[in-house]
Amino acid sequence: MRDYDELISFLGEWGPFQRLIFFLLSASIVPNGFNGMSAVFLAGAPEHRCRLPPGANLSREWLNASIPRELQGGREGPSRCRRYRLESLANFSALGLQPGRDVDLSQLEQEKCLDGWEYSRELYLSTIVTEWNLVCEDDWKTPLTTSLFFVGVLIGSFISGQLSDRFGRKNILFATMAVQTGFSFVQIFSTSWEMFTVLFLIVGMGQISNYVVAFILGTEILGKSVRIIFSTLGVCIFFAIGYMLLPLFAYFIRDWRMLLLALTVPGVLCIPLWWIIPESPRWLISQGRFKEAEIIIRKAAKTNGIVAPAMLFDSTEMQDMKLQQQQQQKAYILDLFRTRNIAVITVMSLLLWMLTSIGYFGLSLNTPNLHGNAYINCFLSAIIEVPAYVIAWLLLRTLPRRYSISGTLFLGGGVILFIQLVPTDFHILSVFLVMLGKFGITSAFSMLYVYTSELYPTIVRNMAVGATSMSSRVGSIIAPYFVYLGAYDRFLPYILMGSLTVLIGILTLFLPESYGNPLPETFDQMLRVKGFRNRQRTNHVRSSKEIEDSKTQITPL
């Protein structure tokens, strides 16, 4: 029986049909890039201080001295959450006393910001922070907003594959596009932080589901050689393009509601793609819908200017395919822990994915806190991903997996740890080290799919990639709180992220090396963790074709 790739080989690899699908599906990923990081500007926290009531009877001197001074990130500035007790200041002002000369300010009683806050409008006209005063006692709501978005991403990544398996790739692709775009639009009319956050969670579900299904659809429609480029460079670079567009939108649109409206427009522009992007013929065949699959394949042949064979499927072949589907062996999640060796590989892989995800999203979400222009820093954080993906692709083709991933993690974690040693005045050097760290962690992150898929046997390969991918979502949920720690010590997030990244880089060296080995088909063929006793067996070096076939996917999420 012929496999699907053999069946469609007459179409060629890079005809007009394949080019159209490649670029349209890649373009559909662009909105995921800016929606995934939109919290950087939607939830931006500008400089703020306590507001004084309009009727405060204070002299100019006491107005200027009404806010205590405190250290913030190693520099002295006005307090963000406290002011001197207003009643005392009014009495001193009425008596004609001068602050600092007649009154020792350090001895004055302080109080909370009872009349609200004044926000700097230098960076943002408004954000959800200024809209609902998510500062001081309520500043915990800001990282929670971002974390709940990633909770939506976790839920979406769990259900998207099952939904697309049940209802089809194309239907779920456009349904999740509608969820992402529609609920982003509804967010504009949020009347409370709670309403905004619940809607943001739903947007997160649509965002990752759209990404995952577009990825699956592309890998199933395109041929082997094009599939590798699509899943490595196509998807990732178009995600980075969307990420780069975010600071551009945010720079010119500094009101959070209008920014959200602008971010929904590209999703609306994707509607015409419904009539261009076909359903996956591979999925249709798996459902026994051979006629529909044949219509799509013949249309593709017509687009490529190729005459299709008179008969694509014969009755014997269709029966064989149905029989093969019925006989497929089922796998269970506990199979990932069935032996000591596979359990150790699974636990180490889960940690690898989670800690790498913390580093990637922590650095991405922390860009507004870097010295300099927040919009430029966010753009640099996005554009550095392009060379990171290219380097990852080259490393996968030429070097062992363990050393490639471990080396880029050492690079990313090491330079982040060095940030605390940079003198305060060397701002450009600090930003450069952050971007270099982001480069290393992004490269490592983008290689994990390939490496994980090569470690596990066929029966549990998809389950293993799904489980470790969900572990990375847990890391993205935790990452905003690493950024939040910067309010207490600006170096603390870098110390924690750098240390964890270096640690997981060391642990990666104990995982088996999959490069140059055939993909395992059974549990007995799995490679063993370094340090475990390994029975003697001959490892056959894969042919170049088998090596290429193993490089099936690569993603930044």
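**Exercise 1.** At what angle do the axes of helix α8 (residues 141–167) and helix α9 (residues 169–187) cross? Classify the pair, then list the contact.

*Solution.* The model is predicted.
- Step 1: The two axes cross at roughly 130 degrees and come within 7 Å.
- Step 2: Angles of 65 to 115 degrees count as roughly perpendicular, and those over 145 as roughly antiparallel. α8 and α9 are therefore oblique to each other.
- Step 3: From α8, the contact takes S160, L163, S164, D165 and F167. From α9 come R169, N171 and I172.
- Step 4: Sort these residues by class. The contact of α8 with α9 has three nonpolar, three polar and two charged residues.

**Exercise 2.** Work out how helix α17 (residues 374–383) is oriented against helix α18 (residues 385–398).

*Solution.*
- Step 1: Two packed helices are described by the angle between their axes and the distance between the axes.
- Step 2: For α17 and α18 the angle is about 15 degrees, and the axes are 4 Å apart.
- Step 3: Angles under 35 degrees count as roughly parallel. So α17 and α18 are roughly parallel to each other.
- Step 4: S381, A382 and I383 of α17 meet E385, V386 and P387 of α18. By class, that contact has four nonpolar, one polar and one charged residues.

**Exercise 3.** Is S126 buried or exposed? Locate it and find its partners.

*Solution.*
- Step 1: S126 lies in the loop between β6 (117–119) and α7 (128–132).
- Step 2: The relative accessibility of S126 is 11%, so S126 counts as buried. The cut-off is under 20%.
- Step 3: Set aside neighbours within four places in sequence. S126 then contacts R254, D255 and W256.
- Step 4: Check the side chains. Those of S126 and D255 are joined by a polar contact of 2.6 Å.

Definitions and conventions: Residues numbered from 1 in each chain as written. Predicted model: local features only at pLDDT ≥ 70, side-chain atom pairs only at ≥ 80, totals over all residues. Heavy atoms only, no water. Axes fitted to C-alpha atoms, helices over the stretch in contact; angles between N-to-C directions. Helix = DSSP H or I, 4+ residues; strand = E, 2+ residues; numbered from the N terminus. Contact = heavy atoms within 4.5 Å. Nonpolar A, V, L, I, M, F, W, Y, C, P; charged D, E, K, R; others polar. Buried < 20%, exposed > 50% of the residue type's maximum accessible area, 1.4 Å probe, protein only. Polar contact = N/O pair within 3.5 Å; in protein donor to acceptor, adjacent residues only side chain to side chain.
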